[in-house]
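Morning, everyone. Let's take a quick walk through one chain. Have a look at the screen.

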Amino acid sequence: MPFSLLSPPPTPPLLISPSTSTFSPNKLFNQRRFSRTIVEASKNDDDEPAFNPFGFVTDNPSSRSAIQLPESPAEDGNVGQMLYRIEDKGKEYGSYIKSGGFRWFVRETGSPQSRRGTIVYLHGAPTQSYSYRVVMSQMSDAGFHCLAPDWIGFGFSDKPQAGYGFDYTEKEFHEVFDKLLETLGVTSPFFLVVQGFIVGSYGLTWALKNQSRVSKLAIMNTPLTISSPLPGLFQQLRIPLLGEFTCQNAVMAERFIEAGSAYVLKLEKADVYRLPYLSSSGPGFALLEATKRANFKDINSRVSAGFASGSWDKPILVAWGISDKYLPQSVAEEFQKGNTDAIKLKMIEGAGHMPQEDWPEKVVDALRLFF
């Protein structure tokens with residue numbers, strides 16, 4: 001159940017910013033030492049440091065001014081002040097829609113009568129559809145109808161507790177997406193854009209099951225091959241106790257975005273990605289459940305085989321941010337070799353794991369030409 005702002009959070013509190021009156025140098029030193037311990041214990045086989053959930057303590061510029069959860073939020077007032085500052089941010093082009101027993105937050109630009117057709121944009125974990133806001137605006141100006149939902153458990157959509165109507169499995173994500181498309185009146189064929197981990201991958205496995213409903217498919221920086229590495233964040237979420245602690249880090253999403261890119265998020269953007277994780281425990285536990293239930297090797301195997309030559313013949317654009325710190329360029333190149341007739345590869349220089357956030361103008365150029 002989401003915790004109340006009137007009571008302490010259900011997990012150990014995050015570090016208090018040095019700007020608050022209760023800052024403790026000893027606590028900061030101990031947390032840094034704990035951070036280093038986790039990073040050392042989480043290194044991968046290539047001896048490269050994994051995602052560090054406590055990195056914002058020392059090396060995340062956009063989070064230094066964030067007001068962290070104190071021991072007693074209600075007494076300190078910092079959480080309330082922070083929520084008041086950002087509670088209305090990040091809902092551009094969006095509205096709430098009831099579908100399949102859940103309340104979805106869906107962004108929409110253009111109209112169903114737009115002359116060039118409908119594009120559905122699916123985000124990955126642990127982010128939200130906010131990342132597509134600029135791309136959607138410019139694509140609707142080019143004559144497209146654009147829809148971008150926040151997946152259930154993410155962003156501003158409902159975040160049901162596991163075991164109470166939704167368990168964050170691949171099958172359930174597919175089922176609620178089918179119902180959402182029906183509610184939105186989206187008919188085949190339509191254009192599909194997918195990016196990111198877990199729920200991004202589920203967008204691809206949904207497409208494999210519904211080839212007749214997809215006219216063209218665009219993929220940005222998503223696991224596509226068996227060799228696709230798994231970022232440290234998702235490795236840590238699968239570790240008992242550490243996963244529960246990590247998922248309640250209020251700056252986890254923005255930290256993940258920055259760690260996969262060459263850029264630092266501006267504070268106003270970081271506020272939006274932080275908001276769902278700050279306002280309740282729900283999205284953190286949703287991410288935790290989805291991660292624990294995902295069979296990453298099986299998903300990547302099905303994606304690699306499903307879009308190979310002889311299995312898929314619809315046009316595919318792979319628009320790849322070449323500065324991605326999680327998924328190397330070789331993943332996109334290996335994927336294209338599996339179906340050179342259908343797959344077109346477009347490298348986006350200057351963009352990292354989320355090209356739509358890092359360099360939306362280049363993404364728009366690639367999508368307009370492809371669609």
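How many helices and strands does the chain have? It has 15 helices and eight strands. Keep in mind that this is a predicted model.

Overall numbers next. The chain has 371 residues, and 56% of them are buried. Now contacts with a separation of 6 or more. Of these, 76% join residues 24 or more positions apart.

On to the inside. The largest nonpolar core holds 67 residues. Which members touch the most others? Those are Phe173, Leu192, Leu217, Leu224, Phe234 and Phe307. Take Phe173. Leaving out residues up to four places away in sequence, Phe173 touches Trp151, Ile152, Phe154, Phe166, Tyr168, Val199, Tyr202 and Ala290.

Asn300 sits in helix α12, residues 296-306. Is Asn300 buried or exposed? Its relative accessibility is 7%, under the 20% cut-off, so Asn300 counts as buried. Beyond its neighbours within four places in sequence, Asn300 contacts Pro223, Leu224, Thr225, Ile226 and Ser228. Leu224 we have met already, in the largest nonpolar core.

Last stop, a hairpin. Strand β1 covers residues 94-99, and strand β2 covers 102-109. They pair antiparallel, over six bridges. Lys98 has Arg103 in β2 as its bridge partner. Two residues lie between the strands. Gly100 takes a positive phi there, near 60 degrees.

Definitions and conventions
Residues are numbered from 1 along each chain as its sequence is written. This is a predicted model: local features need pLDDT of at least 70, side-chain atom pairs count only at pLDDT 80 or more; totals for chains, interfaces and linings use all residues. Side-chain values use heavy atoms; hydrogens and water are left out. A nonpolar core is a set of buried Ala, Val, Leu, Ile, Met, Phe, Trp, Tyr and Cys residues joined through side-chain atoms within 4.5 Å. Buried means under 20% relative accessible area, exposed over 50%, partly exposed in between (1.4 Å probe, protein chains only). Contact means heavy atoms within 4.5 Å. Helices (H or I, at least four residues) and strands (E, at least two) are DSSP runs, numbered from the N terminus. Two strands pair if DSSP finds at least two bridges between them.
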